[in-house]
Each structure stands twice: as C-alpha cells, then as structure tokens.
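Subject: Structure handover

Hello,

Here is the structure for you to look through. My notes on what was found follow below.

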Amino acid sequence: MFVLGSNSVLARTTPPHGPDAWRRHIAFLLDGPRTEAVRRPLPVGPLTPDQVHEVMENLTGKR
C-alpha cells in the first residue's frame, strides 16, 4: 500500500516539473532490493532542487 500511495502522490504532483519522476521512484522501489539492479541505470534523472521546491509548494498549497 505504501508503494502505491507514495507513487500516486508523486505522479499527481510532479507532471508540470518532472513528468517522468514517478518512473525513478518505482525503479528505486522495485529494483532497490535486487543485487543485479546495481548495474541497471535509472530510467530518468532526479528532480532539480527548484523542481523539488515547486512540487513541495504544490503539495502544501503554500506559495
């Protein structure tokens, strides 16, 4: 439930700033425990600090 819930929040809040951010999150959650995943690159790069700030503002409603 945590995986689905955390990813749904990310998918709803990041599209304007990083539309594929949810793919990185899922890769961490699914590939993280696998030892062979260490060699596999993540599907997308991280959000920039400015993108993270915008997403947090959208979540909290503060501007």
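Start with Thr14, which sits in the loop between helix 1 and helix 2. Helices here are DSSP runs of H or I with at least four residues, strands are runs of E with at least two, and both are numbered from the N terminus.

Before going further, note that this is a predicted model: local features need pLDDT of at least 70, side-chain atom pairs count only at pLDDT 80 or more, and totals for chains, interfaces and linings use all residues. Residues are numbered from 1 along each chain as its sequence is written, and side-chain values use heavy atoms, with hydrogens and water left out.

Is Thr14 buried or exposed? Thr14 is buried, because its relative accessible area is 1%. Buried means under 20% relative accessible area, exposed means over 50%, and partly exposed is in between (1.4 Å probe, protein chains only).

Which residues does Thr14 touch, not counting those up to four places away in sequence? They are Pro19, Ala21, Leu47 and Val55. A contact means heavy atoms within 4.5 Å. Take Leu47: Thr14 and Leu47 are 33 residues apart in sequence, and their C-alpha atoms are 9.1 Å apart in space.

Pro16 lies in the loop between helix 1 and helix 2 as well. Pro16 counts as exposed because its relative accessible area is 63%. Its C-alpha atom is 9.2 Å from that of Glu54, 38 residues away along the chain. Glu54 belongs to helix 3 and is partly exposed, at 28% relative accessible area.

**The chain as a whole**

The protein chain has three helices and zero strands. Along the sequence, the pattern reads α-α-α. The chain has 63 residues, and 21% of them count as buried. Among contacts with a separation of 6 or more, 37% are between residues 24 or more positions apart.

The accessible surface comes to about 4,800 Å². Carbon and sulfur atoms account for 63% of that surface. Accessible areas come from the Shrake-Rupley method with a 1.4 Å probe, and for residues only the protein chains shown count as cover.

**Helix 2**

Helix 2 covers residues 21–31, and its buried residues are Ala21, Ala27 and Asp31. They lie on the same side of helix 2, because they cover an arc of only 125 degrees around the axis. The arc is that of the directions from the helix axis to the C-beta atoms.

**Salt bridge**

How many salt bridges does a search of the whole structure find? One. Arg23 pairs with Asp20, and their closest N and O atoms are 3.4 Å apart. A salt bridge needs a side-chain nitrogen of Lys or Arg within 4 Å of a carboxyl oxygen of Asp or Glu. Side chains of opposite charge can pair when their charged atoms come close. Arg23 is partly exposed, at 39% relative accessible area. Asp20 is also partly exposed, at 34%.

**Nonpolar patch**

Val52, Met56 and Leu59 make a nonpolar surface patch of about 250 Å². Patches use residues with over 30% relative accessible area and no salt bridge; like charges are joined within 9 Å, and nonpolar side chains (Val, Leu, Ile, Met, Phe, Trp, Tyr) within 5 Å. Val52 lies in helix 3, residues 49–60. Val52 is partly exposed, at 38% relative accessible area.

**Confidence**

The chain averages a pLDDT of 77, and 86% of the residues score at least 70. pLDDT is the predictor's confidence in each residue, from 0 to 100. Confidence is lowest in helix 1 (residues 2–13), at a mean of 74, and highest in helix 3, at 83. Where pLDDT is low, the predicted coordinates should not be read in detail.

Best wishes
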